[in-house]
Amino acid sequence: MWDEAWGQRPWKTFQEQWKTRSSAFLNNAKSTSATSEKDVEKNPDYAALKQAYEKAYQDSKARADEARRKLDDSVARLLAVQIGVYRPARLCECPYLRIRNSTSASAKASKQREINEYKNQQATVEFPDGSKKKFNFPQLDETYNENPRRAHPAKPGTG
């Protein structure tokens with residue numbers, strides 16, 4: 001037992017000493033830091049900074065909540081377009097391969113007509129607010145790739 005615990009592992013004694021010394025140091029540092037923290041909180045400069053922070057937070061809270069709501073709405077609308085219709089429509093790109101691999105001009109023209117008909121079909125997207133809108137593929141593509149700042153420009157003076 002001695003050989004297993006101490007004989008082959010001489011660092012065990014060092015580990016025990018380290019644990020004792022570091023615990024004593026940390027306990028002392030903890031009480032010192034608690035005292036320092038209380039001293040800082042009593043400082044009038046700290047109180048002024050904390051008050052300024054609270055005021056700035058409260059002043060910006062309404063704008064931040066509105067920005068979060070707009071972001072959540074935009075993400076939900078994007079997902080409605082993306083998952084509901086856009087991805088399945090994009091997956092229908094196999095006819096392009098058939099056009100490329102076709103040997104006759106009439107087969108290529110036929111496949112191109114199929115693609116054009118598919119692109120002009122109307123797809124209904126249901127948005128999270130319950131509204132529905134019909135899109136053909138080019139409109140859907142434009143809506144999906146739309147820049148939110150371009151689609152909903154900021155009101156003058158709002159940045």
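Mentor: Start with a definition: a residue is buried under 20% relative accessible area, exposed over 50%, and partly exposed in between. Keep in mind that this is a predicted model. Try the definition on Ala 123. Its relative accessible area is 22%, so Ala 123 is partly exposed. Ala 123 sits in strand β1, residues 123–126. Ala 123 and Lys 133 are ten residues apart in sequence, and their C-alpha atoms are 8.2 Å apart in space.

Now the rings. A pair of aromatic rings is described by the distance of the centres and the angle of the planes. The structure holds one aromatic pair. Tyr 53 and Tyr 57 form this pair, with 6.3 Å from centre to centre and 25° between the planes. Planes under 30 degrees apart count as stacked, and the pair of Tyr 53 and Tyr 57 is stacked. Where do Tyr 53 and Tyr 57 lie? Both belong to helix α3, residues 44–90. They are four residues apart there, so about one helical turn separates them.

Tyr 53 has 53% relative accessibility, so Tyr 53 counts as exposed. Tyr 57 has a relative accessible area of 39%, so Tyr 57 is partly exposed.

Trp 11 counts as partly exposed, because its relative accessibility is 45%.

Definitions and conventions:
Residues numbered from 1 in each chain as written. Predicted model: local features only at pLDDT ≥ 70, side-chain atom pairs only at ≥ 80, totals over all residues. Heavy atoms only, no water. Phe/Tyr/Trp six-rings, centres within 6.5 Å; stacked < 30°, edge-to-face > 60°. Helix = DSSP H or I, 4+ residues; strand = E, 2+ residues; numbered from the N terminus. Buried < 20%, exposed > 50% of the residue type's maximum accessible area, 1.4 Å probe, protein only.
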